[in-house]
Amino acid sequence: MADIEIRPLEDSPAVRRALAEMLVEVVANGGSVNFMHPLPLETAEVAWADWLAAAARGERIVLGAFDGETLAATVSLLPAPQPNQPHRAEIGKMMTRVSHRGRGLARALLQAAEVLARGQGRSLLVLDTAVEDGAAGLYEKQGYSLAGIIPDYAYKPHGGLTGSAFYYKRI
Ligand SMILES: CC(C)(COP(=O)(O)OP(=O)(O)OC[C@H]1O[C@@H](n2cnc3c(N)ncnc32)[C@H](O)[C@@H]1OP(=O)(O)O)[C@@H](O)C(=O)NCCC(=O)NCCS
């Protein structure tokens with residue numbers, strides 16, 4: 001982890017392309033991140049362009065974990081926009097390149113997102129993850145509590161329905 005740098009990402013052709021390639025790879029490998037396989041690279045680039053534009057408007061923070069020049073993992077922090085939820089934020093779009101899994105990048109990104117959330121006065125974090133092939137273990141190890149499971153919530157990237165598990169953490 002000593003060689004990993006975490007920082008907020010801003011839109012540029014290189015950043016957008018790196019994020020898009022990561023998203024395509026993650027979906028191809030069965031990651032449940034709202035897309036079906038096969039995901040065209042152009043579609044992934046358009047999605048990231050939207051999310052990075054939202055980041056430029058201050059509506060989310062897209063964090064990247066870099067191994068040297070390589071963007072190896074990402075997570076997004078979405079402060080709730082609702083006027084009655086100024087204390088809440090959502091964690092989303094957590095993914096690590098296959099080549100860099102099992103090295104603590106996702107854990108480090110989650111912890112960095114929590115520091116940012118606290119800095120914005122957000123004290124309640126929520127997220128959801130697929131029941132099958134999801135990342136419940138990652139979140140539970142970081143202290144997230146299971147609120148409940150909704151069955152048949154979404155299709156897995158290669159087909160077949162799976163439930164979604166909804167988690168929260170007070171920070
Ligand atoms: C889930 C994902 C982001 C984990 O990334 P990673 O960088 O390999 O995770 P880390 O190395 O930081 O793991 C930290 C800890 O969580 C555990 N963990 C990570 N992913 C896990 C999973 N899918 N299920 C159970 N435990 C998991 C690790 O074993 C590790 O435990 P340890 O602290 O006892 O060593 C990665 O596997 C991925 O991109 N998956 C596909 C996309 C996806 O499912 N994203 C989550 C959407 S909600």
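Just after helix H2, Gly-58 adopts a positive phi of about 80 degrees. Helices (H or I, at least four residues) and strands (E, at least two) are DSSP runs, numbered from the N terminus. The model is predicted: local features need pLDDT of at least 70, side-chain atom pairs count only at pLDDT 80 or more, and totals for chains, interfaces and linings use all residues. Residues are numbered from 1 along each chain as its sequence is written, and side-chain values use heavy atoms, leaving out hydrogens and water.

H2 covers residues 41–56, and its end C-alpha atoms are 22 Å apart. Buried residues (under 20% relative accessible area, 1.4 Å probe, protein chains only) in H2 include Trp-48, Trp-51 and Leu-52. The buried residues of H2 pack (heavy atoms within 4.5 Å) against helix H1 (13–28), strand S2 (61–67), strand S3 (70–79) and S4.

## Largest pocket

The largest pocket holds about 1100 Å³ of space. Of its 46 lining residues, Ser-32, Val-33, Met-94, Ala-135 and Tyr-139 are the closest to its centre. A pocket is an open set of points on a 1 Å grid over the protein atoms alone, where a 1.4 Å probe fits, with protein on both sides within 12 Å along at least five of seven lines; lining residues have an atom within 4 Å of a point. Volume is the space filled by probe spheres set on the points, which are joined across faces, edges and corners.

S4 gives the largest share of the lining, 7 residues.

## Annotated span

UniProt, in an unreviewed entry, lists residues 4–171 as "domain: N-acetyltransferase"; such annotations may be inferred rather than shown by experiment. This span is 32% helix and 35% strand, with its end C-alpha atoms 24 Å apart.

Notes. Expected span 1.5 Å × (residues − 1). Buried < 20%, exposed > 50% of the residue type's maximum accessible area, 1.4 Å probe, protein only.
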